[in-house]
Amino acid sequence: MDIKEDDEFRVITPTDTQLRDSVSARTGTLWTAVAHIITGVIGAGVLSLAWATAKLGWIAGPAALLAFAGVTLLSAFLLADCYRYPDTDNGPLRLNSYAQAVKVYLGKKNEIVCGAVVYISLMGFCIAFTIVTATCIRAIIKTNCYHREGHNATCSYGDNNNYNYMLLFGLLQIFLSQIPNFQNMLWLSIVAAIMSLTYSFIGIGLCLGKIIDKRKFEGNIRGSPAENRGAKVWLVFQALGNIAFSYPFSIIIFEIQDTLRSPPAEKQTMKKASTVAVFIQTFFFFCCGCFGYAAFGDSTPGNLLTGFGFYEPFWLVDFANACIVLHLVGGYQVFSQPIFAAIERWLTERYPQNKFIARFYGFKLPMLRGGTVRWNPMRVCLRTMYVVTTTGAALMFPYFNEVLGVLGAFGFWPLAVYYPVEMCILQKKIRSWTRPWLLLRGFSFVCLIVCLLSLVGSIYGLVGAKLG
């Protein structure tokens with residue numbers, strides 16, 4: 001890559017290799033892009049939004065949901081303009097991943113930092129999925145117990161049961177992690193997407209039914225009380241981290257935009273798709289957050305479907321929790337495969353002659369089409385170690401809202417605010433201390449403060465839960 005200096009802006013001239021386009025045909029449309037975004041953002045995070053709204057109250061809760069929606073949409077617009085380089089409409093270089101865009105605009109060092117944040121965030125998602133899955137399995141068993149013995153029955157299933165379910169989930173993921181790559185797991189992604197929409201709609205429907213049954217809205221302006229004023233402040237910051245976990249989709253923008261056909265220009269279609277998706281997402285999140293708070297008030301559970309605000313119909317609650325489990329079984333692999341691919345590619349390029357790393361072996365399975373399964377010692381060991389690590393972390397910190405708060409606060413500012421702002425400034429050649437420059441930098445600074453406070457509050461809650 002040839003780099004020339006032009007005042008404060010970096011001008012990068014792509015090499016011929018970079019200009020080669022690996023995609024033969026792009027057929028994506030506005031609605032396929034919307035579908036990809038919705039599938040990516042509707043997940044386990046929606047189950048915590050009622051709890052977050054309860055901690056913030058009827059004014060700050062909806063306001064925070066709207067604020068994060070606005071930041072997410074602005075971030076999507078800034079990134080959409082960076083897809084083609086150097087011209088946003090007809091630039092010859094297409095940037096088909098977040099890391100590639102950061103490298104082209106901001107250099108190799110920023111790419112390394114960005115990659116570290118991305119991979120830590122992806123690993124964090126897998127830890128959260130392990131926690132939620134175990135909680136849902138226990139919730140199914142307890143729901144059946146309450147149905148048989150009454151809502152006031154003991155039905156005690158302690159932490160040891162949760163640990164056993166986490167270990168069971170880890171064993172399953174060790175097996176599924178041997179799936180070679182994304183191309184071999186399309187069926188898993190489709191099932192996961194269907195399950196996420198199913199349990200989210202069930203949660204909204206159960207909340208709405210509870211409100212209609214009671215004929216009143218619970219909650220108040222200040223939100224649910226805490227032991228003291230200091231504890232309330234920490235809970236507010238943690239709630240913001242939970243909302244930050246649910247909203248952004250910046251990490252998948254470039255991959256989605258790379259599927260769009262043109263004309264019209266990809267950035268125009270992507271901006272329209274982002275607007276539609278954020279509107280749908282915000283409406284959906286409002287339903288989960290506000291209906292959940294209205295149904296339960298100060299007693300809103302941390303997880304909408306496992307906090308036992310719903311006992312009947314028990315089969316529907318069981319079905320919703322089963323959908324969560326199936327979704328997260330596939331979701332774990334969706335978030336793990338990029339990490340596997342990056343590490344394995346690096347090891348293969350660095351040690352191409354090492355038999356442990358580069359050599360594949362085959363063994364026959366009579367019941368399998370084709371008869372032969374190929375396996376690689378490095379892949380088996382690496383992926384097994386990764387699953388063991390995430391499962392171990394989940395066993396150490398099995399706290400749903402606290403973990404989600406830490407993950408949301410950690411990844412939101414760098415991925416949804418800082419890098420989009422910095423790339424926009426360079427891409428549009430915005431001069432220092434001009435009005436647009438001040439607005440963008442001010443916006444980034446405010447978001448940084450909010451995320452730092454959310455991170456501190458979530459870590460405080462995580463440590464408190466561990467020690468308490």
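## How H8 meets H14

How are H8 and H14 oriented to each other: roughly parallel or roughly perpendicular? In this predicted model, helix H8, spanning residues 229-246, packs with H14 at an angle of about 70°, and their axes lie 7 Å apart. Angles of 65 to 115 degrees count as roughly perpendicular, so H8 and H14 are roughly perpendicular to each other. The crossing in which H8 passes H14 is left-handed.

## H14 alongside H15

Now to the next pair. Helix H15 covers residues 435-467, and H14 packs with H15 at an angle of about 165°, with 8 Å between their axes. Angles over 145 degrees count as roughly antiparallel, and H14 and H15 are therefore roughly antiparallel to each other. H14 passes H15 in a left-handed crossing. In the contact of H14 with H15 there are 21 nonpolar, five polar and three charged residues.

## H8 across H15

The remaining pairing is H8 with H15. The axes of H8 and H15 come within 7 Å and cross at roughly 110°, which makes H8 roughly perpendicular to H15. This crossing of H8 and H15 is left-handed.

From H8, the residues taking part are Trp-234, Phe-237, Gln-238, Leu-240 and Gly-241. They meet Val-450, Leu-453, Ser-454, Val-456, Gly-457, Ser-458, Tyr-460 and Gly-461 in H15. By class, the contact of H8 with H15 comprises seven nonpolar, six polar and no charged residues.

## The nonpolar core

Which residues touch the most other members of the largest nonpolar core? They are Tyr-199, Ile-243, Val-417 and Met-423, in a core of 122 residues. The largest share of this core comes from helix H14 (residues 400-427), with 16 residues.

Val-417 is a handy place to start exploring. Leaving aside residues up to four places away in sequence, Val-417 touches Val-71, Phe-412, Phe-443, Ser-444 and Cys-447.

Definitions and conventions
Residues numbered from 1 in each chain as written. Predicted model: local features only at pLDDT ≥ 70, side-chain atom pairs only at ≥ 80, totals over all residues. Heavy atoms only, no water. Core = buried A, V, L, I, M, F, W, Y, C linked by side-chain atoms within 4.5 Å. Buried < 20%, exposed > 50% of the residue type's maximum accessible area, 1.4 Å probe, protein only. Helix = DSSP H or I, 4+ residues; strand = E, 2+ residues; numbered from the N terminus. Contact = heavy atoms within 4.5 Å. Axes fitted to C-alpha atoms, helices over the stretch in contact; angles between N-to-C directions. Parallel < 35°, antiparallel > 145°, perpendicular 65-115°, else oblique. Left-handed = near helix turned anticlockwise from the far one by under 90°. Nonpolar A, V, L, I, M, F, W, Y, C, P; charged D, E, K, R; others polar.
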